[in-house]
Amino acid sequence: MVTTDKPVYKVIGTRPIRPDGIDKVTGRAIYGADIRQPGMLYGRVKRSPHAHAIIKRINTEKAAALKGVHAIVTAQDFGADVASLPDVSKNLLAGDKVLYRGHAIAAVAATTDLIARQACDLIEVEYEILEPALDVREAMLPGAPLLHPNQRTRTPAGPSENPSNTVAQVAVAFGDVDKGFAECDVIVEGEFKTRMVHQGYIEPQSATAMWNPDGQITVWTCTQGSFPARQTLSQVLNHPVSKIKVVPTEIGGGFGGKISIYLEPVAALLSKKAFRPVKITMDRADVFEGTGPTPGTSIKAKLGATKDGKFRAFYADLAYENGAFPGSAANYATMCITAGYDIEHVKLDAYDVVVNKPRTQDYRAPSSPAASFAMEQLIDEMAQKLGKDVEELRLQNVCREGTRGPMGMPHRAPGHEETLQAAKASAHYNSPLEGPNRGRGTASGFWFNVGLRSSVSVSVFPDGTVSLIEGSTDIGGTRASLAMQLAETLGIAYEDVKPEVVDTDSVGYNDVTAGSRVTFGTGMAVHEAGKNLAKEMAARLAPTWSVTPDDIEFADGVFKTKDGSKSGNFKEIAQAVVGRGPGLTVSGSVNAGFLQGGGFAHAIVDVEVDPETGKVTILKYTAVQDAGTAIHPAYVEGQMQGGAVQGIGWALNEEYYYDDSGRMANSSYLDYRIPTTLDVPMIGTIIVETPNPLHPFGVRGVGEPGIVPPLAAIANAVSHATGVRQTQLPMNPGRILETTRGK
Amino acid sequence: MATVHIPALLRPLTGGASLVEAAGSTLRDVIADVVRQQPALAGRIADAHGILPEIMIAIGDTEAMHVDAPVPDGAEVWVLPALAGG
Amino acid sequence: MSKRIVSATVNGEPMEFLAEPYETLLEVLRNEVGLTGSKEGCGNGNCGACNVVLNGSLVNSCCVLGVEANGGTIETIEGVAQGDHLHPLQQKFLEEAALQCGICTPGFIVAAKALLEAEPNADEDRIRHWLAGNLCRCTGYDKIVRAVLDAADEMRQTAGAR
């Protein structure tokens, strides 16, 4: 449904307190590491100190002899020939090679954490150390150290003749880019590099597993997806899904980094051997070195326009490092880099490359921030060359309904134009910026939102309130936004809905909490369940009113007969039909698929650059984003502000600082310094609402786009403040001084 | 006949071809015809259980949720990689 | 036996518990005393998720040994609310959506409480300085700082009304 007038909602758009809030402000909420089980043992993972090596031998004898050690596992315990283990298993426990420093090799379960650590130190591993491949462009060259000796490149012309660290070469072309550039009056180009960064969630991964003698496995874990975790456990352990129960705890941040699992199968194997529950918790260094940071990139890009400002051609060569195992990060980049604009001729050559670093994972809008870092700086450069206001230049070229989208399919209600208009009209954009060494920068960004599968059930309590049982782990307040959507659907008060996130045995299948999909997709399941509940209640009500169910209508929270002679509100009717009768539970399940549009975000940022120290201070930041319909405005603002500050850290300071041996030299929060309260000002927010035609309440997922614009917006601001364009991240003081000295 | 768009990631299997004209009134039939013309695509778009989890398919601008979806004559069928996010 | 007996007052209650000499106060609070509200985010004093007040001073409990608390007083997040009365900081955090995943929230509340008790007139600048030792990755700090400012306001008004 597309609405031109904004509907008047009763609950949607308000700011109620979240139901899990009180436990979180009092310290009662149970996160992964807070789980205790009777007889629990402590597990610890032994990790490779080398970035690239062949494992010649693992000797666990001395470790096993240590008093207090109950079990030790290696890849052999997966029950298959280690050479034939799939990549997922090889990342959980290394097969015949270690491919990054931090790669898990073995694990121990013991009566105390200290004994487990001591036992890990007693496990003897004989390595044949190999040269590591650490730079994405260098790893692509013939002669680079090979991570997977049999891997060839998938190219448009077929597999490469020789093995290579380049997993795939993806070619995208629309129109004729040579012809396009020939028609251009102005061409800008640049080479942009970003470093590997981590999602930085404050809670390290923790999983507790119990493998019962009857074959039932229970795993408590802080994960973004309890059902996908169950699936991976089943595949890796070769154990039926129906005999695995994943219980999601509260989760202390994910941002994409807790979609994949690392500890759960290892803890389960240890529990199987020890006949006791086993808990493994990562420490901060493990999190940096042994989970899934996001790729560093190298992008060469070129944008051409005619002198009136119309973009005619765009070319990019994009190389993304995927860490130690193959991935599709560069492929994803081809789907967002031109998403915001109408450009007839486009050619993209994208390379996904493996390097001796941890296997990369999503970080909010995966691949999009680095793509925007390149594109939005070229646009800024173009605006300067043409002497045009950069927002006007964007608007001149903005994608609209029907514009060819980045995957070839036409855009539907993209919302970029509305977002740009809001930015251009904002108080921030129209306020003067005065003073030396100061500059203002802007940038846009895009990410998809998916729908995928969600299932919820709703039960009626005797007092007429309802429970909402769902399986989407709550990382940002979705329990509240889903309860709000159910309340709106049923015409009841938010306080009359009690939401709960449950385990994989207790609710139907729910895909991962990611891709900005929960408020959107699980919201659709909630809406479905609400409608089913109303129908079921009407069926029970009908005989008591001496009518047939078809004679009853339900709207605005009221059941009434078509002739209006009888009516009752939801709560009254619920009390009546449940009362002393049988319980009433319904479910709502949807498969909302992948194609659910996306959302645009925009950033306006003012900076001041200290010419003596190179330090960049963020003076003012305004995040603009299209939320479709903001269910809970404070949570939408929170997602925008969170994404903005992550982007600020990514732009100015964060990086995996590697030495030549492939060791991350800064794997602690001291030296991998994420923004603190002192590094950022208040983050202004402007929520744009162009309803998503694909959702009953017009919702667009909001969790991800906010992280996309800050990298380029800050780079553009620094460029205007110093006269020097920053093409490498992070723009830390050292780099600023290096590039601006003498200019 | 439908025009089937092959995603960049699968073009190595079609010798670089990005479009395949295929016959069929349901998605199942259209995919079968695509595979008939480009045998290397067998099992890369759908299998016995339906559309592969890493693939999403749109007929026109609407996502096809299962292989029995009807394909009108002259339709554009988009085979795309399924991507989600973080 | 290598474990030591520690006697301390925890959230106003005199207690005795055991601690290995090498265990941190954070580990002892979580594993022995069973108070899991204080969290480990980094283990080396950089994130503040483990903040407690020990003998009147705000500390990173991951950098204090459990045995050091012997004879002392410890205040954790679990002691901030008085019965069913939330502290203004807790109330404002809830009302103003100053938490998303909530893992850093106990540390922030304990730290902010220590600040406002010592400096009831702390302004935004002072609040940001004081809380720079508490890392949050979800919120971008905006709503946290606003919640602390508003709690300070309310606390000053309540004190003034007495």
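Select A:Ser546 to begin: this residue is exposed, with 9 other C-beta atoms within 10 Å. The model is predicted. A:Ser546 sits in the loop between α15 (518-545) and β22 (552-555) of chain A. Check its backbone. Phi is near 55°, a positive value in a residue other than glycine. Most residues other than glycine have a negative phi.

Jump to chain C and select C:Asn11. This residue is not a glycine, yet its phi is positive, about 50°. Look for C:Asn11 in the loop between β1 (4-10) and β2 (13-19) of chain C. Is C:Asn11 buried, partly exposed or exposed? It has 16 C-beta neighbours inside 10 Å, so C:Asn11 counts as partly exposed.

Return to chain A. Select α17 (residues 633-652) and α18 (residues 710-722) together. How do the two helices of chain A cross? Their axes come within 8 Å and cross at roughly 55°. α17(A) and α18(A) are therefore oblique to each other. The crossing is right-handed. Now show side chains. From α17(A), the residues that meet α18(A) are A:Ala644, A:Gly647, A:Ile648, A:Trp650, A:Ala651 and A:Leu652. Facing them in α18(A) are A:Pro710, A:Leu711, A:Ile714 and A:Ala715. Colour this contact by class: nine residues are nonpolar, one is polar and none is charged.

Follow the chain out of α18(A). The loop between α18 and α19 (733-740) of chain A holds A:Pro730. Select A:Leu729 with A:Pro730. The peptide bond joining them is cis, with omega about -5°. Most peptide bonds are trans.

Next, show chains A and B. Here 37 residues of chain A are in contact with 19 residues of chain B. On the chain A side, four elements to select are β7 (152-155), β9 (166-174), α10 (329-334) and β18 (438-448), each giving two or more residues. Which element gives the largest share of that side? It is β9(A), with four residues. Colour the chain A side by class: 22 residues are nonpolar, 10 are polar and five are charged.

Trace the order along the sequence: β-β-α-β-β-β-β-β. The C-alpha atoms fill a box of roughly 35 × 25 × 25 Å along the principal axes. The radius of gyration of chain B is 12 Å, which agrees with the value near 12 Å for a compact globule with 86 residues. Buried residues make up 40% of the 86. Turn to contacts in chain B between residues at least 6 apart in sequence: 50% of them join residues at least 24 apart.

How values were computed:
Residues numbered from 1 in each chain as written. Chains lettered and ligands numbered in written order. Predicted model: local features only at pLDDT ≥ 70, side-chain atom pairs only at ≥ 80, totals over all residues. Axes fitted to C-alpha atoms, helices over the stretch in contact; angles between N-to-C directions. Parallel < 35°, antiparallel > 145°, perpendicular 65-115°, else oblique. Left-handed = near helix turned anticlockwise from the far one by under 90°. Contact = placed C-beta atoms within 7 Å. Nonpolar A, V, L, I, M, F, W, Y, C, P; charged D, E, K, R; others polar. Rg over C-alpha atoms; globule rule 2.2 N^0.38 Å. Buried ≥ 20, exposed ≤ 12 C-beta atoms within 10 Å, placed from the backbone.
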